[in-house]
Amino acid sequence: MEEVIVGRLDGATIPSKHPVVACNIPPWGARLQGLASGMKYPRALVGPAQHELDRFVDLLQGLGITVRRPDVLDHGHRFGTPDWSSRGFTNSCPRDSMLVIGDEIIETPMAWPCRYFETHAYRTILKDYFRRGARWTAAPRPQLTDALFDEDFRIPRPGEPMRYILTEFEPVFDAADFVRAGRDLFVTRSNVTNRMGIDWLRRHLGPGYRVHEIESRCRTPMHIDTTFVPLAPGKVLVNPEYVDVDRLPEALDSWDVLIAPEPDPIDDHLLRITSMCGKWLSMNVLVLDGHRVIAERHHTGMLRALERWGFEPIPCDLLHYAPFAGSFHCATLDVRRRGTLESYCRPPAPSGPAGAPGSAPGPPPAG
């Protein structure tokens, strides 16, 4: 890794009340979110998270990585369309709103109304990358009317067929539901990414890339980076609770599938009731190269597992970032890495889906 965008907590605002927000956070968190909708995050949560984020940025810079940061915005301002209004959220997770593919950065059509203008804080960076040769694309901006959301949605019980709050009214997706390994992208359909969104990206990228769906058994799916995390060419970390390894895409047949250890328990009561993420945030690691991996210091089981698998874990603190929707992978967007764009997955059989890799794209956005 040579260059990365790291999020900010400045101006962070508790997400405005909406069914698409409440369906993906724990019940107690949803109740708190409903009561405090649109208010600033309390200093008791911001302070510890900001301290850890500052140390994380210092670590990245100490490793020789260029760190870019979004502009400071006040997310408490109200905005809207002719159909709805909302306050903002935060710029804690650049991984969600932008997808980097070769020399292209794609602004994603996110399903949370409070995140509608989230990329505005990154416009200084995006315009700089564009002037330096990057392709800058914005997916179709969604209407986010009631037609996009299933009014009868409820979280499916174990054993029931999977249900999603999103309809197929229009394409929406978060970039964090995708992860890339060379010319192959892996995606989970979720409560923020619908099939139309996956189809839009597949068509937009064309035959130079292949998009594979990872089935998730999570009852409230949102973002792939606590489900399926490539660590190096031919090695992937999977969540044993969410992934049936016997149903992984054929393209991964030759890969080493590494089973994530059970996360270490969180003793901090405040973190447990305010976290917007599940217990598997231990998997939300940041891969620097094919050997070094930044992981949460608290999750010693994950650190030991990475060592057993031949990686060099770099312990760091970011436990208090959970109320702001993530950890190391969520808090970052890697923009430039050294190396060539390759395909590390087995190509499909001739009778399978069409789409052979095409010519290599140009330099990455900051290259």
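Helices (H or I, at least four residues) and strands (E, at least two) are DSSP runs, numbered from the N terminus, and two strands pair if DSSP finds at least two bridges between them. The model is predicted, so local features need pLDDT of at least 70 and side-chain atom pairs pLDDT 80 or more, while totals for chains, interfaces and linings use all residues. Residues are numbered from 1 along each chain as its sequence is written, and side-chain values use heavy atoms, without hydrogens and water.

Let us begin with an open sheet of three strands, ordered β8-β9-β10 with mixed pairing. Because β8 (178–181) and β10 (210–213) each have a single partner strand, they stand at the edges, and one side of each is left without a neighbour in the sheet. From one strand to the next, the twist averages 25°. Strand β9 (residues 184–187) runs parallel to β10, joined by four bridges, and Val187 stands opposite Glu213 in β10.

Next comes His75, in the loop between β2 (66–68) and β3 (78–80). Its side chain makes a polar contact (a pair of N or O atoms within 3.5 Å, one able to donate a hydrogen and the other to accept it; residues adjacent in sequence count only if both atoms are side-chain atoms) with the side chain of Asn91, at 3.0 Å.

Buried means under 20% relative accessible area, exposed over 50%, and partly exposed in between (1.4 Å probe, protein chains only).

| Residue | Relative accessibility | Class |
|---|---|---|
| His75 | 9% | buried |
| Cys23 | 7% | buried |
| Cys316 | 5% | buried |

Definitions and conventions
Axes fitted to C-alpha atoms, helices over the stretch in contact; angles between N-to-C directions.
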